[in-house]
Structures are given as C-alpha cells and as structure tokens.
Amino acid sequence: MVAVTFAVLFLMTGSVVAPLKAAVLNALSLSVMFGALVFVFQQGNLSGLLGFTPTGSIEPSVPILMFCIAYGLSMDYEVFLLARIKESYDRTRDPVGSVPAGIARSAPLVTAAAAVMAVSFAAYATGRVVFLQQLGIGMALAVLVDATLIRGLLAPALMRPAGHANWWAPAPLRRLHRRIGLTESDGAARPALVGQNAGS
C-alpha cells in the first residue's frame, strides 16, 4: 500500500519529498488510532460506558482492516490537499504562498468529507458488537485527527519552511514525470497565459 500510494503521489506531484512526508504523517494518524484501540479495548478503559468486557487483547484482524481503511482515507485527504497546493505552485512558483492558497481551496472539501465519515464510523460505537465498536471509535478518531491536526496543521507547517524542496526529485525521476506524470499544470497555467495575451 505504501509503495503504490508513493508511486501515485509521485506521478501527481513529480516530487519524492511529498510522498515521503505523506507516509510519515499517515503513520501519526495510525498511531493515534491504534493507541485508542489499546487504551479503550485492550486495557479496558471506558468499558463500562460502551458495555463490553475487556479481554486484554485485540483480535489481530481488526488492526489490519483498520490500517487499510484509515491509510486509504488519509491518502484521499492528502491528494485533495496536495493537488490544490501543487496547482497553485505551478501557476505562481511561490513555494510559501501556494501552501495557504491550496489549503483554502481544499479545506471545505476535506472538512465536509471528514465530518461525514467520522459520524458514520462513530455510529458503530453505539452497538453492542465489540468488533464494530473498535472499528467505529478507532476510525472516527483517526479521521478527525487526520483531517484537523495532521492535514490542517502539521502538513502545512512542514511544507511552508521547506519551500521549493517540497517538489524536489532526482533528475531521472523528473524526466520520467515529464513523460508519464499526472499533472494539472497545463490547465492551471492557461488563465495566466490568457491574461498575458489580453494584456498584449
């Protein structure tokens, strides 16, 4: 999963730094989710409120399933965010201003999607099936943390000081991206070109 998402983000951005940063930030979101599983279901905290008997362990298939879902959702939000930031960077070549500009365009979509997903997952916690409670609480927390603290705070905080390095790749990979990359640069540059023609 990590290799595939790394390749997709590279094809989209032409950078090897952005996919690495996304993988590290996803690890933080997953750590919060797994920490909640251990705290609530393995150690038994909130067992009285949720109505289950702690066994001191977690079914091994649960973390695997939750990892797959949470990692995919986190990458969705990362794609929304990076696409708009890269679009602004391609248009202006401003590594600092493109970060808040991209966030301003993607934040409403990410916030709405995260709210819907968090509420949907949280509904599982109201049942009396421990497996669904684990899935609901862990996923709802992961989505909320990822969309707010991770993508809304840490991601731009890391990208802003990095500047042009956010979009760095070795020369062979840059050539590869020019050949097969997924880019919005042509569409993003067109308004500027039209404005120049009108001014002339």
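Arg-151 and Asp-146 are both buried, a term used here for under 20% relative accessible area, with exposed meaning over 50% and partly exposed in between (1.4 Å probe, protein chains only). This is a predicted model, in which local features need pLDDT of at least 70 and side-chain atom pairs count only at pLDDT 80 or more, while totals for chains, interfaces and linings use all residues. Residues are numbered from 1 along each chain as its sequence is written, and side-chain values use heavy atoms, leaving out hydrogens and water.

**Salt bridges**
- Arg-151 and Asp-146 meet through their side chains in a salt bridge at 3.1 Å, N to O, where a salt bridge is a side-chain nitrogen of Lys or Arg within 4 Å of a carboxyl oxygen of Asp or Glu.
- Arg-151 also forms a salt bridge with Glu-78, with the closest N and O atoms 2.3 Å apart, and this pair links distant parts of the chain, since Arg-151 lies in helix 6 (residues 130–162) and Glu-78 in helix 4, 73 residues apart.
- Helices here are DSSP runs (H or I, at least four residues), numbered from the N terminus.
- Lys-21, Glu-78, Asp-146 and Arg-151 are linked in a network of salt bridges.
- Arg-93 forms a salt bridge with Asp-90, the closest N and O atoms being 4.0 Å apart; Arg-93 counts as exposed because its relative accessibility is 52%, whereas Asp-90, at 15%, counts as buried.

**Helix packing**
- Helix 4 (residues 61–92) and helix 5 (residues 98–122) pack at an angle of about 160 degrees, with their axes 7 Å apart, the axes being lines fitted to C-alpha atoms over the stretch in contact and angles running from 0 to 180 degrees between N-to-C directions.

Conventions. Helix = DSSP H or I, 4+ residues; strand = E, 2+ residues; numbered from the N terminus.
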